[in-house]
Amino acid sequence: MERAIITISESGRVNIPSNGVWMSEMELVELFGVIAPTLRAAIRAIYKNGTLSSATTQQCDVVTPTSWATFYNLEVVVTLAFLLNTYEASRIRYKILNSFNRRKANRTTVFIILKSLNDIQKRLFH
């Protein structure tokens, strides 16, 4: 399985690859700055309350010939970023929300409110 991981530099800069994000439990522990039991509890909560389905967001794969690991996709990582309360999670939330704002800034929306056709006709022809 080819995969990419999210990283945070020492300066706090978050790098989110454009596709193929699958991260192991240990990678998530390091990314969010939490201990494994805290991460496991958060993932269980996500699946238990039905926010995400484990069938579509996790995958098991062989790491070495004698061991395997469970990998979680980008949906799980983003959900964890909004569930956990750590500095690292806040940096990821900021990056995600900032990317939405940049996309929104590139578009222009124009709202036209029309009271009634009669009002428009009066203004145009009188």
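These legends describe an overview and several close-up views of a predicted model.

**View 1. Overall layout of the protein chain.**
The secondary structure comes to 6 helices and 5 strands. Along the sequence, the elements run β-β-β-α-α-α-β-β-α-α-α. The chain has 126 residues, and 29% of them are buried. Its accessible surface is about 9,300 Å². Carbon and sulfur atoms account for 54% of that surface. Among contacts with a separation of 6 or more, 49% join residues 24 or more positions apart.

**View 2. The salt bridge between Arg3 and Glu27.**
The structure holds 2 salt bridges. One of them pairs Arg3 with Glu27, with the closest N and O atoms 2.8 Å apart. This pair links distant parts of the chain, 24 residues apart. Arg3 sits in the segment before β1 (7–8), and Glu27 in helix α1 (residues 25–32). Arg3 is partly exposed, at a relative accessible area of 33%.

**View 3. The salt bridge between Glu25 and Arg40.**
Here the closest N and O atoms of Glu25 and Arg40 are 2.9 Å apart. Glu25 lies in helix α1 and Arg40 in helix α2, so the pair ties together parts that are 15 residues apart in sequence. Arg40 is partly exposed, with a relative accessible area of 38%.

Ile46 belongs to helix α2 (residues 36–48). Its relative accessible area is 3%, so Ile46 counts as buried; the cut-off is under 20%. Beyond its neighbours within four places in sequence, Ile46 contacts Thr51, Leu52, Thr79, Leu80 and Leu83. Ile46 and Leu83 are 37 residues apart along the chain, yet their C-alpha atoms are separated by 8.9 Å.

Helix α4 spans residues 74–83, and its buried residues are Val76, Val77, Leu80 and Ala81. Viewed down the axis of α4, these buried residues fall within an arc of 140°, so they line one face of the helix. An α-helix has 3.6 residues a turn, so residues three or four places apart point the same way. At the start of α4, a side-chain oxygen of Asn73 comes within 3.1 Å of the backbone nitrogen of Glu75. Leu80 is also among the contacts of Ile46.

**View 4. A nonpolar patch on the surface.**
Phe82, Leu97 and Phe100 form this patch. Together they have about 310 Å² of accessible area. Leu97 is in helix α5 (residues 87–105). Leu97 is partly exposed, with a relative accessible area of 43%.

Note on methods. Residues numbered from 1 in each chain as written. Predicted model: local features only at pLDDT ≥ 70, side-chain atom pairs only at ≥ 80, totals over all residues. Heavy atoms only, no water. Patch = residues over 30% accessible without salt bridge, like charges linked within 9 Å, V, L, I, M, F, W, Y side chains within 5 Å. Areas by Shrake-Rupley, 256 points an atom, 1.4 Å probe, with all protein chains shown as cover. Salt bridge = Lys/Arg side-chain N within 4 Å of Asp/Glu carboxyl O. Helix = DSSP H or I, 4+ residues; strand = E, 2+ residues; numbered from the N terminus. Buried < 20%, exposed > 50% of the residue type's maximum accessible area, 1.4 Å probe, protein only. Arc of directions from axis to C-beta. Polar contact = N/O pair within 3.5 Å; in protein donor to acceptor, adjacent residues only side chain to side chain. Contact = heavy atoms within 4.5 Å.
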